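Hello,

Here is the structure I promised to pass on. Please have a look at it first, and then read my notes below.

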Amino acid sequence: MRFRTWSRHAALVAALAACLLALACSDDGDGDGDASEPAEPAPLRLNHLQVIGSHNSYHLAPREELASALEALAPSLFREIDYTHLPLTEQLEEHGIRQFELDVVADPEGGLYATPGALEVLGIDEPPIAELQQPGFKVQHIQDVDYNSTCLTLVACLGEIEAWSSEHPDHLPIMVMIETKTQTVQEGAESIGVELPDLGDIWADPPEMTPELFDDLEAELLSVFDRERIITPDDVRGDRETLEDAVLLDGWPTIEESRGKVMFALVDTGPSADVYREGAPALEGRLAFTSSTPGEPDAAFVRVDDSLEDGEQLRKWALDGYLIRTRTDVPGVHAPEDDTALRDAALESGAHFLSTDYYVAHEETGYVVELPGGVVARCNPVTAPPDCDDDRLAESTAD
């Protein structure tokens, strides 16, 4: 009997102690170091988001006379270039596009592309295009043939982005992919099985990229954007020996410290990319990231075009820490058939930039690419931490 009384007393004491401990640790307590206060969420980084981008963002469909000739001569090519994008400002403002692709051809003397060869072939005599007369990089898909653009020069295209960015300083970082093109019209025709007649020097051959031309390219970037508004490889690499070590071991800059900024990626492959990396294997001192291969010193940004075929590899690289761009469709192929398989795979793949030609719904099938809820950015479905909330990625509507 004495044992049972002592046991009941001990149980009451233990229960009272537990209650006091719970009160001491509750949210109602005022003491310092209150253990029950929720921890601050970890900062979100660039590789924790997912945004929509546009493919060949500047592109306009060929004019009617040229379109008819191309459709007869190379129908497969025509099908893939018969699309028109909105001006870059409208893409930013109305459709939340936060990744662009600009194809450029070098024109160090000016005027090289001012009189398109295809018009000469068709017997169309027009004055040279004034904006193409001055030296500098021109924005075109295929010189002389598929040259229509909403902004004809690199500086003009970047100027649109900069003006919008300055008016919206809280925006998420904008990725601008740049590809320098050097293929001749004859080489391009041969690659799709089209034989062109020998027309002498009617076609403009873009110059091969050299260190000097890449210096000119970077000078054009800096003529539009101040250095502190550009996220560069040096900013990401820090004290690491390679860019890859930095993104795999330290991670990307945070979203908050990257707002209002742009980043550039040179997506050249082959000799041009080698020239850009010459003397800077980890992109030391360069303004642009490169489209690289994991395992290389410059590996930070990777392109995986097909998330259906290469989805497992894409997901692995995303989890490793690389930034990844993938495509959701091919113009003239997926949207007319309302084929959503590639789009849906891309959305769930872990890629950070989803490149499309259909941020506006296809007029016949309704095919469109957008994030769930119509947000500008969402937490990446593969890489974002569990406490990520889309609201933390929101942009202020105030200028």
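**What turned up**

Leu199 sits in the loop between α7 (185-191) and α8 (211-224). Please keep in mind that this is a predicted model. Leu199 is partly exposed, at 34% relative accessible area, and together with Val121 and Leu122 makes up a nonpolar patch on the surface, with about 220 Å² of accessible area together.

Beyond its neighbours within four places in sequence, Ile324 contacts several residues, among them Val302, Val304, Trp317 and Phe353.

The salt bridges come to 20.

- Arg325 and Asp305 pair at 2.5 Å, N to O. Arg325 belongs to strand β8 (residues 323-327) and Asp305 to the loop between β7 (301-303) and α13 (311-320), so the bridge ties together parts 20 residues apart in sequence. Arg325 is buried at 3% relative accessible area, whereas Asp305 is partly exposed at 38%.
- Lys316 and Asp320 pair at 3.0 Å, N to O; both are in helix α13, four residues apart, about one turn of the helix.
- Arg277 and Asp274 pair at 3.1 Å, N to O. They are separated by about one helical turn because they lie three residues apart in helix α12 (residues 271-277).
- Arg63, Glu65 and Glu126 are linked in a salt-bridge network.

Best wishes

Definitions and conventions: Residues are numbered from 1 along each chain as its sequence is written. This is a predicted model: local features need pLDDT of at least 70, side-chain atom pairs count only at pLDDT 80 or more; totals for chains, interfaces and linings use all residues. Side-chain values use heavy atoms; hydrogens and water are left out. Contact means heavy atoms within 4.5 Å. Patches are made of residues with over 30% relative accessible area and no salt bridge: like charges are joined within 9 Å, nonpolar side chains (Val, Leu, Ile, Met, Phe, Trp, Tyr) within 5 Å. Accessible areas come from the Shrake-Rupley method with a 1.4 Å probe; for residues, only the protein chains shown count as cover. A salt bridge is a side-chain nitrogen of Lys or Arg within 4 Å of a carboxyl oxygen of Asp or Glu. Helices (H or I, at least four residues) and strands (E, at least two) are DSSP runs, numbered from the N terminus. Buried means under 20% relative accessible area, exposed over 50%, partly exposed in between (1.4 Å probe, protein chains only).
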